[in-house]
Amino acid sequence: MVDLKAYYWRRVKALTVIFLIAWITIAVILPLTAPLLKGVRILGLPSMHWYMNAFIVIVIGVILIFVYSALMDKLDKELKKKVSEEELL
Amino acid sequence: MNLTSPVNATIIATICWILCSVITTLIGGEFLGSLIIVIGSIFIYLVLAVTLRSTSVAHFYVAGREIPALVNGAATAADWMSAASYLSMAGAIALMGYDALPFVIGWTLGYTLMAFTIAPFVRKSKTYTVPELLERRAGGWGPVRTTAVIMVFVMSLTYLTAQLVGVGVVFSRFLGLPATVSVFIGVFGALAYAWTSGWRSITWVQFLQYFVMITMYCTPVFIAAYFLGLLPFPQLQYGNLIQEIEMREMAFNLPLMTEPFVRSIGGGKGPINWIFFALVLMLGTMGLPHILVRFYTVRTVHAARVSVGWALTFIGLLYVTASLYATIARHSFSALWGKPFAEVMNTGWIQKWLPTGLIKLEDKNSDGILQPAELIFHGDIVVVGMPDMFGMLWVIAPLVAVGGLAAALSTADGLLLAMSTAVTRDIYKRFINPQATETREVLIVRILLVIIGFIGAVMAYFALKDPGFGVYVVLLVGWAFVFSASTFTPIIMLGIFWKRLNRYGMIAGMITGLLISLPYIILVGIAKLPPIELFGDKIGTIGWGIFGFFGNAIAAIITSLLTKPEGPEVDKFVESMRLPD
């Protein structure tokens, strides 16, 4: 049981680090490098350096939350299954 | 049919509201009709709140922990988006262009970080308030709780004042009623929704208010987009509009709206200040008490995680629309540049808004032609003036006011309740009368709601009466994020992910954070000393908060390592936060 708890928390920590890197990417790196995209236009969108901060990073931010939530649900289920298996033994 | 069920009662109230508005308009004309439309909306929320009345402490503190994820997400969004987001943000973008975008990313991306570092763990702690969570994390040490309650007040009271000022602004901008008096109408509304059953009633009222707010925000901008041929998805199609604006700006040798880092924001300038400013807003978001409490009100940890996603979806919807708003308004304004003065003066919406002072026109070089510098507009005109710029039906304007009122009231409610419950549970029940009965606790919450609401209203009254004081209210709201980012946020994150953090570390961290950010605010923000420069960029008072955040974390870690660990009880509490149900 103790091992399982430690295993679960290790997985959560790993996931947290991955998402932290993703967050730094959308909250610091993309906004700061956006001015390099000045003049890049796709279809009817405004220039990408503007649109990155006014739209794109927010959408990625929303997606990241739902992805994290789905991954954590999977991990929670895995833990529950393992706990019940251990109880059977 | 059960007339007292929340859904039915709300529908009936809405029908009454529509009927009353139509009848008043037919009898009394447009002005009275507008008045009924705006004030009647307060009445609908009141009906919903009354059907949800309760005297259970769990309902008051955490809405009985039974709110579904999507509802909680919408309520968080309403809690979050204030009168300033609704009325002024689009205006800030129209005026400052690229250099106002830190508001957009700063007030949204904090939720992404919060989703995997704070929200689910706060729910798992099974506590009722943030000060309580911090006290348990500090091994039941009272001073941490008291300090936290004081911080809750420092952040929430100024913010509440700003919301009530916002209510006054909505009434005066749209209806021409005196803002000072309207403040008291606003505080009555906010009080009443929280009075009936605390977080339970305001959560559902906020849920309703979110949809009111977003519908009313989008209506004029979508009508305008229709005139400009930007439907069906104006947020994805306004590229050409920006290009037209840029061409006009180039023709008059102005810095482009989309040009990065040319204007100052928050008292600083340049890319470093720009990103610091945004980051402090993000980190500050995560420590604001009325937002944190939202994650107590959901059913499960799973719901807590998902509800952050919904919250950002709903918030993002308004924030990505703000830059569209700004673009359309700037397009309308820039269309007037270079035209003869007489023609500009004859434009309908200019005539209507000139007397309010939101637009100023002056032929400085007396050439009879309007130069860009001769047309000065206040940021608020972007949202409140949009219906007139495109000659929309009169009824659109009061509907936009209804949305603005919903934005101000929903935020005021969350703040009022965060403060009242903090005093009741964290001071009264914890230190004064631990044996208090449920009825007693509910009574205290209600009394405090009235007292704090009144204090907020009086402060808002003075802010509106004395513009000098009003300026500080606006600044204080920004600084609330600095305080939040340099006190609560690092402590809560460390408390979850680092078991070794102890009570002394927590106190040392919060004090260090304040000692770093507060003097800078006083010296640079109030005493107007020149800001510090980093690599040639001036750092404003808000951007400086980033040092408060890291200073806090470093002081907390060093102090914890130098003093003895908290022991097995706190370890167990931390473990219980980390594991699923």
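Hi everyone, let me start in chain B, with a run of buried residues in helix 24: Phe488(B), Thr489(B), Pro490(B), Ile491(B), Ile492(B), Met493(B), Leu494(B), Gly495(B) and Ile496(B). Helix 24 covers residues 488–497 of chain B, and nine of its 10 residues are buried, so this helix is mostly covered. Before I go on, please keep in mind that this is a predicted model.

Phe488(B) and Met389(B) are 99 residues apart in sequence, and their C-alpha atoms are 44 Å apart in space. Met389(B) sits in helix 20 of chain B, residues 386–389. Is Met389(B) buried or exposed? It is buried, because 24 other C-beta atoms lie within 10 Å, and the cut-off for buried is 20 or more. If we set aside residues up to four places away in sequence, Met389(B) touches Ser332(B) and Trp349(B).

Now to some helix packing, still in chain B. Take helix 5, residues 83–96, and helix 21, residues 396–432: their axes come within 6 Å and cross at roughly 130 degrees. Which residues make the contact? From helix 5 of chain B we have Ala83(B), Ser85(B), Tyr86(B) and Leu87(B), and from helix 21 of chain B we have Gly403(B), Gly404(B), Ala407(B) and Ala408(B). By type, the residues of this contact are five nonpolar and three polar, with no charged ones.

While we are on helix 5 of chain B, have a look at Ala84(B), which lies in that helix. Ala84(B) counts as buried because it has 24 C-beta neighbours inside 10 Å. Leaving out its neighbours within four places in sequence, Ala84(B) is in contact with Met89(B), Ala162(B), Gly166(B) and Val477(B). For a sense of distance, Ala84(B) and Thr219(B) are 135 residues apart along the chain, and 18 Å separates their C-alpha atoms.

Helix 14 of chain B, residues 271–285, and helix 26 of chain B, residues 545–562, have axes that come within 8 Å and cross at roughly 50 degrees. Helix 14 of chain B and helix 26 of chain B are therefore oblique to each other as well. On the helix 14 side of chain B, the contact uses Phe276(B), Leu279(B), Val280(B), Leu283(B) and Gly284(B). Helix 26 of chain B brings Gly545(B), Ile546(B) and Phe549(B). That contact divides into six nonpolar and two polar residues, and again no charged ones.

As a reminder, most residues other than glycine have a negative phi, and most peptide bonds are trans. The peptide bond from Leu231(B) to Pro232(B) is cis, with omega near 5 degrees. Pro232(B) is in the loop between helix 12 (199–227) and helix 13 (239–251) of chain B.

Then there are two residues with a positive phi. Ala63(B) is not a glycine, yet its phi is positive, at about 55 degrees. You'll find Ala63(B) in the loop between helix 3 (57–62) and helix 4 (69–80) of chain B. Ala63(B) counts as buried because it has 27 C-beta neighbours inside 10 Å. Lys528(B), also not a glycine, has a positive phi of about 60 degrees. Lys528(B) lies in the loop between helix 25 (503–526) and strand 3 (533–534) of chain B. Lys528(B) is exposed, because 9 other C-beta atoms lie within 10 Å.

Let me finish with chain A and how it meets chain B. How many residues of chain A are in contact with chain B? There are 36, and they touch 40 residues of chain B. On the chain A side, the elements giving two or more residues are helix 1 (2–33) and helix 2 (48–88). The largest share, 18 residues, comes from helix 2 of chain A. By type, the chain A side divides into 25 nonpolar, seven polar and four charged residues.

Definitions and conventions. Residues numbered from 1 in each chain as written. Chains lettered and ligands numbered in written order. Predicted model: local features only at pLDDT ≥ 70, side-chain atom pairs only at ≥ 80, totals over all residues. Contact = placed C-beta atoms within 7 Å. Helix = DSSP H or I, 4+ residues; strand = E, 2+ residues; numbered from the N terminus. Nonpolar A, V, L, I, M, F, W, Y, C, P; charged D, E, K, R; others polar. Axes fitted to C-alpha atoms, helices over the stretch in contact; angles between N-to-C directions. Buried ≥ 20, exposed ≤ 12 C-beta atoms within 10 Å, placed from the backbone. Parallel < 35°, antiparallel > 145°, perpendicular 65-115°, else oblique.
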